[in-house]
Amino acid sequence: MSHPGRSAWGGSGRPAPADAPRGIDGLLLQAATALRSADVPVGSGELLDASRALLAVSWDDEATVREVLASTLVKSAEHRERFLALWDELLRHQVLRAALDAQRGLGGTGAGDELPGEAGAGQGDGEGSDPTGTQGAEGDGGSGGEGSGSGLDLDELMRTVQAAMGEGSGAGGALMRDLARLAIEAARQQESGVVGVDVQRIRRMLGLTRGSEGVEQLSDEAIRAFTELLRQELEEQRTLRTGDLPPQRALAQLGRDLSFGQSPDEAAVMKAIHALRRQLAVAGHSRRGPRSGPIDLRRTIRSSLQTGGVPIEIIPQREHPRRPQLVALCDVSTSVSGSAVFFLSVVSALADAFSRLRTWAFIEVADEVTELCLHATGPRQLGQSITTQAKVADHTGYTDYGRVFKQLAVDLADVIDRRTTFIVLGDARTNGRDPGVEAFAALTSRAGRTLWLNPEPELYWNYGDSESSTYAKWCEMHRCASASDLTGLARLLAVD
Amino acid sequence: MDRTALAADLARAGYLADDRTVLVSALATELGKPVLVEGPAGVGKTELAKALAKVTGRELVRLQCYEGLDEARALYEWNYRAQLLRIQAAHGSDGDWGGLRDDLFAEEFLLERPLLQAIRSEQPVVLLVDEIDKADQEFEALLLELLSDFQVSIPELGTVHAESHPLVILTSNAARELTEALKRRCLFLTLDYPSPERERDILLEHVPGLPDGIALRIAEVAQKIRDLDLRKPPAISETIDWAHTLLLIGATQIDQAVLRETLPVVLKHRTDLDLVAERAGVVLGQTASAGRAGSR
């Protein structure tokens, strides 16, 4: 793998042995800070490993250093992608600068000024031959921004942006939006496809991060507004680029959003979720009452040997923890928006505990969000990604249980079987539409067990358009809306 | 640390590794840290461990994980049948009790399972913990003591220290998230399906007599098939089988007929077969015949 930037990297030779440790420390701390700001947990243990590993390889090849860091600092495929996205922009410069400094014995400014453009131009080729997984995400970005990346003068852009922000032009103003577009264009070649990562990188590129020079004069508010603009632009562009909008749309495209922050006892919910997580982790292990069941001959005799072969203690066979396959179906419509964060917390707690959990979200139509759940770091982020990516609405954006159940009765025919626990999270309010009871009954008859967690108190179950009691004939319906209701949930799931 | 030599050794052992794999393998030996290898099924995770064992001349100790795996099957077990016999044998004689008790829990009656075997071996071994994501979380806890301190505690015997440090390879299909504690102790390596060129080299390595051109063609078609949304994309071992098959039936090129006949070697799901058959034109890269394939 040849990097055009390698002359600068390798040209200075290795940093002198005496300077190497300082170079390593600087690089590692930069890497750790950047990774942590991108939500990748990096512990000091990883840093120690990385520094030991870096001392074991030669520094004359950039790819080697990058791979050493990738294998020691990050521990999952997704985090690895974030690392690679960050690497080009930030780490490379830092290391280059350190290497150049060591060679010239000068302050870092001269080197820093000329680097970004050069590095930016080089990476287009470099990543083309990159064997790692970032290619797919970049394919579209590369073609859209041909040539524009190197044509823009970064320094000038940086000055313009900072000046515009300093003058306090309204954040929504057309000028700021244009500048945001320009900045995205300038960073096009390093686009990772992950909006959050790109936003951070553009900020760093423009010197809008804490500690950059010139940033002190700017208000936090202005920076935040500009960041938000960047995010909106990037998201919009990505939607445009993916082209043909699928017939099913994400909620955000209907101008709606999952609303959060309405549940007043959020902290309590989080606490209960935390407890639920721990309970679920050991669910099925609890011993209830006197032990019974078949004897574990092997272990009984093993313990009897301590008493000369006389079995004093009878050891029954271990109960294997029950880890059912779960299929969760979560209502994300506006009528339950108050409970959405709560539902999603439950789902993400379940996802941690059960490897065989598949999740669908629905409003009018259901869409599988298992992947989104896996990649989400918390319920809020999960809500965000469901809002933007899950195809849950197509027409009105109002709940249609009947249609969803009919759809799932077909879609889930292969998924649900006798070992499956099917969990519905929703308020059973059908907006007066057909409840699709037959389809629901068919689903429940196929599942080993069906649980319905309803956020409404029992009193309301049959008022208005709620079909709760109709559905309740086919499943175990429980109220589940607050932290205290959750305590019972772990028991509910484990006991059978 | 000579990576070129390691790469050459691995190639000689029949494993064509990319730079990243070689680097991490070298680091693992250098730092004495376990490697967690993650990637889809059939990209050569297990093969890597086997090849490393061959290269280093070490014995390979393999522990296959599954749900419900416990210490009796992973770590050690007392051979209670033999212990009972020992008690029976002591009945007639008037041997003293202390001696008998020491005898009963002697190493003679200890059955080594893979983990204990790996650390008690006098010659360092390569320990392969395969599909760790299939085991329960409790099992990961059991591994932690072993991986960080290379020792295990056996109540009747005390703590057993490692005679030699094994090179530990853990593989995972990422079916579930592993605990942070375990991940922290490992180097991380992701393996993905190889590029067509590398897969061609792998095919040539494993299928003697395969023409160069058809090997590349197989690799390219395999990549196109993997790009489709399949339940189980073909593994490297399956493309090797495919190459064997094509060689056997004497196919000189891959056209629609050959593809349809030999596809069951590569794909094992009914729905996958149907999908690929339907998209045969796309898979083979023949845009002109795509319509014909669709009508089937």
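B:F150 sits in the loop between helix 8 and strand 6 (151-154) of chain B, and its phi is near 50°, a positive value in a residue other than glycine.

Before going further, please keep in mind that this is a predicted model, in which local features need pLDDT of at least 70, side-chain atom pairs count only at pLDDT 80 or more, and totals for chains, interfaces and linings use all residues. Residues are numbered from 1 along each chain as its sequence is written, while chains are lettered from A and ligands numbered from 1 in the order in which they are written.

Now look at the other end of helix 8. B:E131 is found in the loop between strand 5 (126-130) and helix 8 (137-149) of chain B. Its phi is positive, about 55°, although B:E131 is not a glycine. B:E131 counts as partly exposed because it has 18 C-beta neighbours inside 10 Å.

Stepping back, chain B holds 16 helices and 9 strands; helices (H or I, at least four residues) and strands (E, at least two) are DSSP runs, numbered from the N terminus. Of its 296 residues, 34% count as buried. Among contacts in chain B between residues at least 6 apart in sequence, 75% join residues at least 24 apart, a contact being two residues whose C-beta atoms, placed from the backbone, lie within 7 Å.

Next comes helix packing. Two packed helices are described by the angle between their axes and the distance between the axes. In chain B, the axes of helix 10 (residues 196-206) and helix 12 (residues 236-249) come within 10 Å and cross at roughly 55°; axes are lines fitted to C-alpha atoms, for helices over the stretch in contact, and angles run from 0 to 180 degrees between N-to-C directions. Helix 10 and helix 12 of chain B are therefore oblique to each other (under 35 degrees is roughly parallel, over 145 roughly antiparallel, 65 to 115 roughly perpendicular, and the rest oblique). The contact is made by B:E199, B:I202, B:L203 and B:H206 of helix 10 and B:I236, B:T239, B:I240 and B:A243 of helix 12 of chain B.

Helix 12 of chain B also packs against helix 11 (residues 212-227) of chain B, at an angle of about 135° and with the axes 11 Å apart. That angle makes helix 11 of chain B oblique to helix 12 of chain B. Here the contact is made by B:I214, B:A215, B:I218 and B:A222 of helix 11 and B:T239, B:W242, B:A243 and B:L246 of helix 12 of chain B.

Turning to chain A, you will find 21 helices and 6 strands, and buried residues make up 38% of its 496 residues. In helix 19 (residues 437-446) of chain A, the buried residues are A:A439, A:F440, A:L443 and A:T444. They cover an arc of only 135° around the axis, which puts them on the same side of helix 19 of chain A; the arc is that of the directions from the helix axis to the C-beta atoms. Among the elements that cover these buried residues are helix 18 (401-411) and strand 4 (420-425) of chain A.

Notes. A residue is buried if 20 or more other C-beta atoms lie within 10 Å of its own, exposed if 12 or fewer, and partly exposed in between; C-beta atoms are placed from the backbone.
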